Amino acid sequence: MHSTQITQAISPATPLPHRKILRSWLAPISAKNTGIALALSVADFALFAACMAGAVLTRHPVLQVLMGLAAGFMIARLFILGHDACHQSFTPHRRLNRWLGRLLFLPSLTPYSLWDVGHNVVHHGYTNLSGFDFVWQPATLEAYQRMPAWKQWLERAYRSGWAPWLYYAVEIWWKRLYFPSKAVMPTRRGIFIADSLLVTAAAAAWVAGLVMAAPATGQSTAWLLAVGFFLPLLVWKALMGFVVYVHHTHTRIAWYDNKKDWSAANPFVSTTVHLRFNGFFGTALHHIMEHTAHHVDMGVPLYRLKQAQAVLEEKLPGHIVVQPFSWRWYFGTARRCKLYDFGRRQWTDFSGRPTSESMAGAV
């Protein structure tokens, strides 16, 4: 398989080649297709609209809740398409990608330009480098002990396994994406404010539509807002918080506080988990769980990621963390991965007791 694109596999004991070489393996399967991108966008917007119509019009509380849950899942799918557009990997056209990205981000209320900086520049540029990559960055025992009691409680809630929605809502969306403060985002650009205003207008229109639909359908305004606005957004934030957590948190995945060691570890491979699901879930999330390939080359479109991931795993056996998903694994990871000892490159619990093997020297 893929023998025309790659030569021999690189053993786990052999250092990884430069990222340029890794990308060259994926180049033959990285072509962007405008037709596929537009078809995916139209289909997912249509499904989102159908779910929203169901949440408003079915008039049966259980069905309305199910439709609200489905709408939240469709927000996640639309966001993943927008995420590709923001990486300029969705279509071959930069301007089309920018406008498609803004449109696809609206249901998740994500300001495009702020996501571009926080995700493309910071997260992808410095994945799992403490002090730079802020996404699920673990605290040390010393830093945790210096936190006020309320912040310690919040940290425990975030890392309980039950509150990825709270983490994403507070630490990512509220603090860094929606009109971020100057302390968090020192660079002030007009496009940041414009994109934040755009999603505010989208939220206002969404809420206004539900408020007007309530008397027209003889339903409670509070109920329609609950199932048609707050529930879909809660599902979306839970899915997003979960996905970014499992992509880069694992007892075999290291964090770094030294840029030299981080760079030597080829972090575009070594800090990323390929989480495998049974059934349709991986496909339903547009293959974003094939995450190593995405970090090796952000230019690979989502509709090529499965093939790209297969190439990397064939070429780099033992180098890529491949984890079959189970709830037992997930909550086991949440139980073990509380704080981080950067000296030993080792996960600990909230008391500082080691919960994983030391990865010190594994660069």
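**View 1. Salt bridges across the whole structure.** A search of the entire predicted model finds 7 salt bridges. Among them are the pairs R159 with E155, D261 with R345, and D349 with R353. Each of these pairs has its own view below.

**View 2. The salt bridge between R159 and E155.** These two side chains pair up in a salt bridge. Their closest N and O atoms are 3.4 Å apart. Is the pair buried or exposed? Both R159 and E155 are buried.

**View 3. The salt bridge between D261 and R345.** The closest N and O atoms of this pair are 3.0 Å apart. D261 sits in helix α11, which covers residues 259-264. R345 sits in the loop between β3 (339-341) and β4 (346-348). D261 is partly exposed, at 28% relative accessible area. R345 counts as buried, because its relative accessibility is 8% and the cut-off for buried is under 20%.

**View 4. The salt bridge between D349 and R353.** Here the side chains of D349 and R353 meet, 3.0 Å from N to O. R353 has a relative accessible area of 52%, so it is exposed; the cut-off for exposed is over 50%.

Terms used:
Residues numbered from 1 in each chain as written. Predicted model: local features only at pLDDT ≥ 70, side-chain atom pairs only at ≥ 80, totals over all residues. Heavy atoms only, no water. Salt bridge = Lys/Arg side-chain N within 4 Å of Asp/Glu carboxyl O. Buried < 20%, exposed > 50% of the residue type's maximum accessible area, 1.4 Å probe, protein only. Helix = DSSP H or I, 4+ residues; strand = E, 2+ residues; numbered from the N terminus.
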